[in-house]
Amino acid sequence: MTPIERFAELLRTHRRIVFFGGAGVSTESNIPDFRGKDGLYRQKTDLPWSPEEMLSHHFYAEHPVEFYTLYKEREGMMLRAQPNRAHYALAELERMGRLSAVVTQNIDGLHQKAGSRNVLELHGSVLRNICQKCGREYGMEDFLALCAPVPHCPKCGGVIKPDVVLYEESLDGFTIQCALDEISHADMLIIGGTSLVVYPAAGFINEFRGDALVLINRDPTPRDASCTLVFRESVGEVLEEGLRLLKAAR
Ligand code: ZN
């Protein structure tokens with residue numbers, strides 16, 4: 001049995017699958033990993049701040065014009081992005097009743113765009129933007145239209161902040177609890193597009209109690225040795241082919 005056939009067999013014999021995804025899932029939709037060498041922020045060599053600093057809470061508070069100018073550029077790119085094979089395969093596995101949740105570190109909303117329902121977004125979502133004064137929520141397009149460059153709430157004049165977790169901010173406790181709950185009850189865990197070195201990914205994986213751990217990542221990770229299966233191919237390619245073989249076997 002080839003590795004991909006084994007993967008399809010694992011999909012067939014498990015009923016409570018959880019997918020844990022990192023930046024590699026979004027790069028396949030042409031959203032650059034901002035930490036990567038080709039990331040959006042690396043191209044801006046004329047700026048005196050590092051990408052991490054520009055996405056920190058203190059930078060948002062102290063340099064709102066620069067923060068929103070850069071943020072709007074990245075958000076506009078996410079608005080134009082389309083789901084890829086990985087997003088569609090996961091949405092179909094959920095509809096088939098095999099996949100119980102997608103836990104993601106991405107903020108682009110592409111899983112929902114592809115049809116996934118139970119998506120736990122550890123770092124928030126660019127689709128939601130919240131007035132810091134009255135709590136009113138704004139969608140992406142309203143938010144972009146209000147950026148001039150700092151967006152103010154038409155109702156109360158408060159600043160509208162993206163519902164994404166910036167550096168120096170803590171993750172949402174309820175989302176973390178839901179994600180840990182899904183992972184600890186899963187019988188199969190598929191990890192895609194993350195090297196598992198960045199918090200909180202590593203700690204989450206420790207909660208897994210099932211018998212099938214599948215890792216799909218271009219580069220080696222510290223967890224490779226403890227996995228049932230490891231793929232070095234693209235996340236979309238592996239998920240799509242696994243799903244195809246699963247359906248052919250039914
Ligand atoms: Zn308001």
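Student: What makes Y60 and F67 buried or exposed?
Tutor: Y60 and F67 are both buried, where buried means under 20% relative accessible area, exposed over 50% and partly exposed in between, with a 1.4 Å probe and protein chains only. A word on the basis: this is a predicted model, where local features need pLDDT of at least 70, side-chain atom pairs count only at pLDDT 80 or more, and totals for chains, interfaces and linings use all residues. Residues are numbered from 1 along each chain as its sequence is written, and side-chain values use heavy atoms, with hydrogens and water left out.

Student: Why is the pair of F7 and F231 called edge-to-face?
Tutor: Rings of Phe, Tyr and Trp (its six-membered ring) pair if their centres lie within 6.5 Å; planes under 30 degrees apart count as stacked, over 60 as edge-to-face and the rest as tilted. For F7 and F231 the centres are 5.8 Å apart and the planes 65 degrees, so the pair is edge-to-face.

Student: How do you know that the site of the zinc ion is tetrahedral?
Tutor: Start with the donors, which are N, O and S atoms within 2.8 Å of the metal (3.2 Å for Na, K and Ca); water is not among the atoms, so sites may look incomplete. The SG atoms of C131, C134, C153 and C156 coordinate the zinc ion at 2.3 to 2.4 Å. Four donors count as tetrahedral if all angles lie between 85 and 135 degrees. Here the angles run from 97 to 116 degrees, so the site is tetrahedral.

Student: What makes R128 and D163 a salt bridge?
Tutor: A salt bridge is a side-chain nitrogen of Lys or Arg within 4 Å of a carboxyl oxygen of Asp or Glu. The closest N and O atoms of R128 and D163 are 2.9 Å apart, so the pair qualifies. R128 lies in strand β4 and D163 in strand β6, so the bridge ties together parts 35 residues apart in sequence; strands (E, at least two residues) and helices (H or I, at least four) are DSSP runs, numbered from the N terminus.

Definitions and conventions
Four donors count as tetrahedral if all angles lie between 85 and 135 degrees; four count as square planar and six as octahedral if opposite donors are over 155 degrees apart and all others between 65 and 115; anything else is irregular.
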